[in-house]
Amino acid sequence: MKASLLDYYRALRKHYGPQNWWPAESPFEVMVGAILAQNTSWENVERAIATLKVHDLLEPRRLHELDVDTLALAIRSSGTFRVKARRLKEFLRWYVAVHGADEARLRAMPAERLRQELLGLRGIGPETADAILLYALNVPTFVVDRYTYRMLARHGLVADTATYDEMKELFERALPRDPSLFNELHALIVRVGKDYCRATARCERCPLRRYLPGERSRES
Ligand code: SF4
């Protein structure tokens, strides 16, 4: 029988246990972290977040009022910090000046409209937008990243040319629309991607090995 994405989730969850994402003290910290996390390691993001906290800057209005050069220096450890400072300022203009830094108001908006507003901000692509929606606002939208693509393509679940939206829809069609399930599965895919599904796959001991196309036919 063909495995479903729910089977993948169960196998990963059994192997790794709960991942407890996102490691942050507030939804706003998740939003900032999602922008800082673009093209860098999580350790670098943590250092930048810690600097913001030390200077008591991890607060929407204070960060919004900060000039872009000072903000860039504060997030220096996150890599491409001048670009990220401009992106954060653009996000803060939207979050604070347009929506009053009001999470409840954002949660009450239709999810697709909210997503489109985020995608309309310079420097916010689908992965960052979906990470903010899911991990900061608990909106059931699936986050796709390079680990997701690698795993899906290697398992023959998408074409090599699959787009972000095609992969996102694959998960959203196959799974109950539950933000805690989406939260956990994305975190588990990142984990298996770092441990096993690297540039060179280490399928031998991977918890998803049984779902590889060749392995499935051997079992049946
Ligand atoms: S390492 Fe191999 S078995 Fe594991 S997810 Fe990647 S392709 Fe699948």
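This is a predicted model: local features need pLDDT of at least 70, side-chain atom pairs count only at pLDDT 80 or more; totals for chains, interfaces and linings use all residues.
**Entry 1: the domains.** I then checked how the chain is divided. Domain 1 takes in 5-20 and 143-219, and domain 2 covers 27-136. I noted 27 Å between the C-alpha centres of the two domains. To the contact, domain 1 gives 11 residues and domain 2 gives 7 residues.

**Entry 2: buried area.** How much area do domain 1 and domain 2 bury between them? I found about 730 Å². Carbon and sulfur atoms account for 64% of that area. Which residues of domain 1 lose the most area to domain 2? I wrote down Val143, Tyr164 and Asn183, which together make up 56% of what the domain 1 side buries.

**Entry 3: polar and charged links.** I looked up the counts between the two domains. There are 2 salt bridges between domain 1 and domain 2. I also found 3 residue pairs in polar contact between these domains, both residues of each pair being at pLDDT 80 or more.

**Entry 4: the domain 1 side.** Next I asked which helices supply this side. Helix H11 (164-174) and helix H12 (179-195) each bring at least two residues to the side of domain 1 that touches domain 2. H12 has the largest share, with 5 residues. I sorted the residues of that side by class and got 6 nonpolar, 2 polar and 3 charged.

Terms used:
Residues are numbered from 1 along each chain as its sequence is written. Side-chain values use heavy atoms; hydrogens and water are left out. Domain bounds come from an automatic or database domain assignment. Contact means heavy atoms within 4.5 Å. Buried area is the accessible area (1.4 Å probe) that two parts lose on being put together, summed over both. A salt bridge is a side-chain nitrogen of Lys or Arg within 4 Å of a carboxyl oxygen of Asp or Glu. A polar contact is a pair of N or O atoms within 3.5 Å; within protein, one must be able to donate a hydrogen and the other to accept it, and residues adjacent in sequence count only if both atoms are side-chain atoms. Helices (H or I, at least four residues) and strands (E, at least two) are DSSP runs, numbered from the N terminus. Ala, Val, Leu, Ile, Met, Phe, Trp, Tyr, Cys and Pro count as nonpolar, Asp, Glu, Lys and Arg as charged, and the others, Gly among them, as polar.
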